[in-house]
Amino acid sequence: MGELSNPERRMLRALQTREGNWTLEEILAACNWTDQAIATGAGHGLSNKGLVNIKESSSIEIKLGQQGEKAAQEGLLEKRIWEWIQSQTSPGMKDLSNAFERHEAGPGVGLLKGLGVNIDGGKFVCENPENISNAIEERTTFIQTLQGTEEIIEHFKGRKGLIESVVVVNRNWSITKAGTAIEDSKLNEVVQIAEITPEILQGEAWKDAEFRPYDVALEASMPRSGRSHPMQALIERIRSIFLEMGFSEIVEDYVQTAGWNMDALFIPQDHPAREMQDTFYLDEPNQIPLNPQLMKQWKEIHEHGGKTESKGWGGKFDEEISQKGLLRTHTTVNTIQYLAENPIEPCRVFAIDRVFRKESIDRTHLPEFHQIEGIIMEPGANLGMLVTTLKTFYQKMGYPEVRVRPAYFPYTEPSLEVEVKWRGKWLELGGAGIFRPEVTEPLGIKDPVCAWGMGLERLAMLVLGLDDIRQLYISDLEWLRNQPIL
Ligand code: PHE
């Protein structure tokens, strides 16, 4: 049968006082324990020895999700829209999209249609408003009390983030015949050694002592401790990979000029990506003065190619545009400035930093995200070196399959797109290339420069297995707790 451990002795002694089922609470009280892991552990051991029976049942408990908590306070979306519909005279789709934001109006109409609201000539109509009010009332009661029919639970399960179901395991313990037969004298708790120390080994006492056995298969409660956000952990990991590969990190401000963000990179001043709808230009500072000498060089390059063999873009270069303040749209703005300040000394530099673009938020886009930027400047730096460096990086991240494809950026030639294989598919993670003479010449750079800029959030989606980029930033505690430690 094997020796009984102290908790097993204590639990068996308690169970001997009466037959029948014991709940966890009863056992904790009878044994004077507070830690339920001790009770389940002892129960497990006793059951293995045939001294108790365990009856296990699991049930599903419903909790509010993050959206659910919001809905419980502010009202379900259908309720808010329905109340709005009732307060209007002859409301239609147009009025709705004025009264509610797009991300609410769209799904809201879907919900109301499901409840029996129709759209006729752009206007909302319904046959039986009372039914709709009742159904909404029932849903509201559910979201506030979590009490409702099977049907309503199914309904909420189908909606994103409103409720979560967690499985709870219930156990009952009862003593067996063999358990009752164990003599009381065998149930005295003995001194057990749980941890072997040098002091114990130096003495004699260990010879007669009992050692507490370990059972690594037992269920234990999950310790919850503070830890880094998965994005922060990922950044740390990327940082250590580049440091290990001999790169130094640079950190710079995200308020920049159009001059450095674009002109220095030979992006033509009439390039579509410069438009207001793609770039966040600033009111404050609206203009940031730049060195006139520097702008003169950019002007020459842009208008007719400066001292390079290039013909430039032609047209008229505008210094006003160069000095516009903006939120950087890529971190290449920082590596290029690093090169401008250090044009001679060979270097390997990287940055992991925030960039901004006017993107509408969806499953794969955010207006604020991070790039992993880097450059290698040295005599003889070439495309092979660039590709190997990127491959090595992704390999160290755990993605051994990397390929590059030809691409276009105004500031590199040749230009590459970097793709990584994930679950059988090739995913585009960034751009790379060798800086063009139009970029390096005005800054006095003589050696070739390999450069790249890759999306951090995209990579995070792979590492964490996400299909929605927004998950990274919604502070969903349950999700955060369950993330792997990177
Ligand atoms: N800046 C580019 C982007 O934002 C990436 C890139 C960096 C491409 C350096 C080539 C060289 O997508």
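Reply: Happy to! Let us start with Arg423, which is exposed because its relative accessible area is 67% (exposed means over 50%, buried under 20% and partly exposed in between, with a 1.4 Å probe and protein chains only). Please keep in mind that this is a predicted model, where local features need pLDDT of at least 70, side-chain atom pairs count only at pLDDT 80 or more, and totals for chains, interfaces and linings use all residues. Residues are numbered from 1 along each chain as its sequence is written, and side-chain values use heavy atoms, leaving out hydrogens and water.

Now look at the backbone of Arg423: its phi is near 50°, a positive value in a residue other than glycine. You will find Arg423 in the loop between E14 and E15 (helices, H or I with at least four residues, and strands, E with at least two, are DSSP runs numbered from the N terminus).

The peptide bond that joins Glu413 to Pro414 is cis, with omega at about -5°.

An N or O atom in the side chain of His330 is 3.0 Å from a nitrogen atom of the ligand. Thr332 has a polar side-chain atom that is 3.0 Å from a ligand nitrogen atom. For Gln371, a polar side-chain atom lies 3.0 Å from an oxygen atom of the ligand. On its own the ligand would expose 330 Å², and the protein buries 91% of that area (found by the Shrake-Rupley method with a 1.4 Å probe).

Next, follow helix H16, residues 332–341, to Gln337. Gln337 counts as buried because its relative accessible area is 18%. Between Gln337 and Met377 there are 40 residues' separation in sequence and 13 Å in space, from C-alpha to C-alpha.

Asp353 belongs to strand E11, residues 347–356. With a relative accessible area of 15%, Asp353 is buried too. The side chains of Asp353 and Arg328 make a polar contact at 3.4 Å (a pair of N or O atoms within 3.5 Å; within protein, one must be able to donate a hydrogen and the other to accept it, and residues adjacent in sequence count only if both are side-chain atoms).

Finally, visit the loop between helix H13 (258–261) and helix H14 (292–304), which holds Pro285. Glu284 and Pro285 are joined by a cis peptide bond, with omega about 0°. Phe266 is found in that loop between H13 and H14 as well, and although Phe266 is not a glycine, its phi is positive, at about 60°. Is Phe266 buried or exposed? Phe266 counts as buried because its relative accessibility is 3%, whereas Arg423, where we began, is exposed at 67%.
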